[in-house]
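We'll walk through it one stop at a time.

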Amino acid sequence: MNRLAVFLTLPVLCLTSALAGQEPGAVFVAVCAKCHGERAEGNPQIMAPSLAGLPGWYGGLQLEKFRRGVRGKHHADLPGAQMQAIASSLTPELVPALAAYLADLKPVPPSAPSGADPVRGAGLYTEICARCHRFNGQGERAFHSAPLTVLSGWYLAGSLRKFREGVRGYHDGDPEGPKMREIANRLGDREIDDLVGYIAALAERYPPGEAGRRRAPQ
Ligand code: HEC
Ligand code: HEC
């Protein structure tokens, strides 16, 4: 938590003017990389997920939620507050540009939590998640459902717990969050780990990107 506290002191309000007119790649390196890593590979120590290869439509949707303050404002969500403070300093024009920049980076697949049972996870995933997140875990733009195979494993598990505890998806201006809250309410910690174990296996079987998307289920 100490590291998080250090970041809280960032001079966020100065960002907007400093960033005006800059290329998204330069903004990423100057502002985002210190938490998410130079190649957007993520940093578990400060709970900042991998973002490389996140499709632009989803990265843009989440950045905009943070920017408008409908995500990351819950009092029990310190990592969310870090991200919210940064996003609130972005201009609306920078949001799609940054999201497009992230989409072009090479994805980092999630790792399975230790002790996860991917076979049990497969059963749960097929029964509950696949209809929205699809057989390959790559999400569905029409439903705004997240691409799961490019996000860090520890982050997927943490997000599911946040939805379950109502720390994410609680705001009236966030229509997608409540759908995930309803789902996560049914999951225990063990089931969450097993699901993430299976999502890690999916990332290997259907590597995110064009080639992975074109392959049929086996
Ligand atoms: C102070 C550290 C910090 C900085 C700087 C930062 N982030 Fe984040 N970011 C986080 C954390 C922590 C989270 C996870 C929030 C949560 O758990 O809800 C996050 C989450 C995100 C997400 C949501 C991913 C998802 O699928 O849910 C996106 C997109 C994102 N950041 C993009 C950016 C961009 C673009 C920048 C630069 C403009 C940036 N971040 C700068 C810490 C940071
Ligand atoms: C009814 C459709 C639906 C179902 C079923 C569903 N999801 Fe989701 N999921 C969504 C949507 C929509 C979002 C985006 C929420 C948001 O914008 O915050 C999401 C977001 C997520 C996220 C957060 C990703 C991030 O960016 O932080 C995770 C993790 C997740 N879902 C996992 C699952 C798992 C695991 C299951 C099965 C147990 C599941 N979902 C079932 C629609 C669904």
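Predicted model: local features only at pLDDT ≥ 70, side-chain atom pairs only at ≥ 80, totals over all residues.

Residues are numbered from 1 along each chain as its sequence is written, while chains are lettered from A and ligands numbered from 1 in the order in which they are written.

Let's start with α4, residues 56-68. Helices here are DSSP runs of H or I with at least four residues, strands are runs of E with at least two, and both are numbered from the N terminus. The 13 residues of α4 reach 18 Å from first C-alpha to last, close to the expected 18 Å; that expected span is 1.5 Å times one less than the number of residues. The buried residues of α4 are Tyr58, Gly59, Gln62, Leu63, Lys65, Phe66 and Arg67. Buried means 20 or more other C-beta atoms within 10 Å of a residue's own, exposed means 12 or fewer, and partly exposed is in between, with C-beta atoms placed from the backbone. The cover over those residues includes α5 (78-87) and α6 (94-103). After α4 comes glycine 69, with a positive phi near 80 degrees.

Which other residues have a positive phi without being glycine? Alanine 40 is one of them, at about 55 degrees, and arginine 134 is another, near 75 degrees. Alanine 40 sits in the loop between α3 (24-36) and α4, and it counts as buried because it has 25 C-beta neighbours inside 10 Å. Arginine 134 lies in the loop between α7 (118-133) and α8 (153-165); with 19 other C-beta atoms within 10 Å, arginine 134 is partly exposed.

Now for the ligands. Ligand 1 has 23 residues around it, the closest being Cys32, Cys35, Ala48, Pro79 and Met83. The elements giving two or more residues to this shell are α3, α4 and α5. A residue is near a molecule if its C-beta atom, placed from the backbone, lies within 6 Å of it. By class, the shell around ligand 1 has 16 nonpolar, 6 polar and 1 charged. Nonpolar covers Ala, Val, Leu, Ile, Met, Phe, Trp, Tyr, Cys and Pro, charged covers Asp, Glu, Lys and Arg, and the others, Gly among them, are polar.

Around ligand 2 there are 22 residues, and Cys129, Cys132, Ser145, Ala146 and Glu176 come nearest. At least two residues each come from α7, α8 and α9 (177-184), and α7 gives the largest share, 5 residues. This shell splits into 12 nonpolar, 7 polar and 3 charged residues.

Methods: Contact = placed C-beta atoms within 7 Å.
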